[in-house]
Amino acid sequence: MNRTLQNFSVAVLTCAFLSGCASNSDRTATQSNFVTTPPSDAQIENSVTQQVSMMLEAFTPIAGQALPNKSVLDAYAFRDYEPIWVEKKQLNPAIYKLVNTLESARSHGLNPVHYHLETIKEYLSLKSATSQQLAELDVITTIALASFAHDLSIGRYEPQLIDPNWRLDAPSKDWQNLLFLDSPSDMVNYLPTLAPRQPDYQVLQNWLVFYQETAQKEGDIRVTPGIPLRIGDEGPRVAQLRARLVQLGDIRFSTRKTNEDLFDQPLKDALIRFQRRHQLDMDGAAGPQTIKSLNVSLETRAKQIAYNLERWRWLPSQIEDNRIWVDLTNYQADIHLNGQTENMKVVIGKPDRKTNVFYGKMTYMVANPTWRVPMRIARENLLPKIQQDPEYLAKNNYKVFSSWSIGAKQLNPSHIDWKKIEPENLRYRFEQQADEENALGAYKFMFPNKFDIYLHDTPAKHLFNRSERAYSSGCVRLEKPDSLANLLVSNSPRRQQQLQEARNSGQTKVISLEEPLPVYLVYFTVVPNANGMPEFRKDIYDRDSLMEEAMGYSPFPVDSSL
């Protein structure tokens, strides 16, 4: 065995079995019980140089995230491999503050085990340390710092590896700057600034801590299933309902004496608040669905919040003031433009034709658009209708072309034997001309993307009356497209004139925007409502289960880890 491999083995074995070097009573990381033997500065520095490459490989971050380790290597190289946490043979006190910070990682929905916390504490519990152990501690601590900074800033997980339909990821390298600050204290103090600064993130973080602590201290108060509970009912199940709503924050504590067993009007009001923030029928009665939702465990709710904190970390640190924000789980678009705000309902993709989560820039809109039918919709939706009714294309103002190539020949649909065509063999291109029954309605708003998704009008206005609106083939239908069109041209008289001419003529007209407008298609299953309470939404695309699979890591004893 060569010397490098031998040293590597020593490093791994030292970290794996370090618990044998300390008694259980020594495992708490405190500055006072760490007494070093006096190796020279040169010995420590040489040991750091030797350990960096070996330790980086030995402690590759869980889930295969190599990026933080590359930054660690750069940080040590920048310092000529001098130790970061060891000064004059003593540990910098900032290491203990870092330990406390890592212990609180769960308040962000992150798991301290990913940051080698117990391993660091094992080193810190040693009564004395050799130069190699000091070097190992220095490097593993820096790895932990870098990994936590990375995860807190831009998320621990790669969204596309969790969900291929999730393409909203805004990686930033700002977190790497932390590793090049002057001192360990500066590094640790800089950590909190890396978390998303959006108010929703901070509110959800507070609720995560609330659910975690309540689960630990109180446990779940359950409502016994049974016949629906309504105003005027009495009994122990009513008392359970009241206690659960108090526990969840829907009822505030009051000094006024209350008959806990009586279903009174204040209890009904509180139950309606609960139903509203869980997307339930707001009838003020505790029926089967409401009781089922009430009995979802605090631990499960905490996990749901953690999934959404991670989703916030995938967003850019700065979100533009002018933007279109399409909230898929709320079926709503919020337009912020030039100091004006417009909100409208939307219809999104069906569960089997999910609307992608991504970011784009709107550059133009089309008034009175034609609709080029995507191949999948042509095969799955349009062809069966044509086979059932040969006049369907003519009735709905479609043109047929021989292929998808430029300059393809227009065909007479009555000369085609549609019943002999299998869906997988369909090669024709279909275009629906502009009119009142066009599937795109009077407008489409374009932010070019590889998914061929855009915002558009629709003749199916009745769908906006439904509470759940996942009916499209992937694109987003707007309740008030006229309002959006007006907002987009509000600062340009020339474009206002173009829009009005298109409306008057009914002719297809492309109108470019003065400035590209950011468009976010986002997906959150927990958001704060207007009162700051957590709103738990239906996971219409079953994306939380994918998050659970990726993030559902259970801690294991340190002596069975690395």
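Predicted model: local features only at pLDDT ≥ 70, side-chain atom pairs only at ≥ 80, totals over all residues.
A salt bridge, as I use the term today, is a side-chain nitrogen of Lys or Arg within 4 Å of a carboxyl oxygen of Asp or Glu. With that in mind, I can begin with a network of salt bridges that links Glu103, Glu118 and Lys121.

Residues are numbered from 1 along each chain as its sequence is written, and side-chain values use heavy atoms, with hydrogens and water left out.

Let me stay with the salt bridges for a moment. A search of the whole structure finds 22 of them, and I will go through a few. One joins the side chains of Arg543 and Asp163, with 2.7 Å from N to O. This pair links distant parts of the chain, since Arg543 sits in helix H18 (residues 543-551) and Asp163 in the loop between helix H7 (159-162) and helix H8 (184-190), 380 residues apart. When I speak of helices and strands, I mean DSSP runs numbered from the N terminus, with helices being H or I of at least four residues and strands being E of at least two.

Are the two partners buried or exposed? Arg543 is buried, with a relative accessible area of 2%, and Asp163 is buried as well, at 7%. Here buried means under 20% relative accessible area, exposed means over 50%, and partly exposed is in between, using a 1.4 Å probe and protein chains only.

Arg313 is buried with a relative accessible area of 1%, and Glu310 counts as buried at 0%. A further salt bridge is formed by Glu535 and Arg537, whose closest N and O atoms are 2.8 Å apart; Glu535 is buried at 15% relative accessibility, and Arg537 is buried at 9%.

Leaving aside residues up to four places away in sequence, Asp327 touches Gln332, Val522 and Arg537, where contact means heavy atoms within 4.5 Å. Asp327 itself is buried, with a relative accessible area of 10%.

Now to the helix packing, where H13 and H18 come back. At what angle do H13 and H18 pack? The angle is about 90°, with their axes 10 Å apart, and that makes H13 roughly perpendicular to H18. The axes are lines fitted to C-alpha atoms, for helices over the stretch in contact, and angles run from 0 to 180 degrees between N-to-C directions; under 35 degrees counts as roughly parallel, over 145 as roughly antiparallel, 65 to 115 as roughly perpendicular, and the rest as oblique. On the H13 side the contact is made by Lys303, Gln304, Ala306, Tyr307, Glu310 and Arg311, which meet Arg543, Asp544, Met547, Glu548 and Met551 in H18. By class, this contact has four nonpolar, one polar and six charged residues, with Ala, Val, Leu, Ile, Met, Phe, Trp, Tyr, Cys and Pro counted as nonpolar, Asp, Glu, Lys and Arg as charged, and the others, Gly among them, as polar.

The other pair I want to show is helix H4 (residues 94-103) with helix H6 (residues 131-154), whose axes come within 11 Å and cross at roughly 45°, which makes H4 oblique to H6. Ile95, Leu98, Thr101 and Leu102 in H4 meet Leu137, Thr141, Ala144, Leu145 and Phe148 in H6, and the residues of this contact divide into seven nonpolar, two polar and no charged.

Seven of the ten residues of H4 are buried, so this helix is largely enclosed by the rest of the structure. What covers those buried residues includes strand E2 (90-91), helix H5 (117-124), H6 and H8.

I finish with the backbone. Tyr81 has a positive phi of about 65° although it is not a glycine; Tyr81 lies in the loop between helix H3 (67-78) and strand E1 (86-87) and is partly exposed at 24% relative accessibility.
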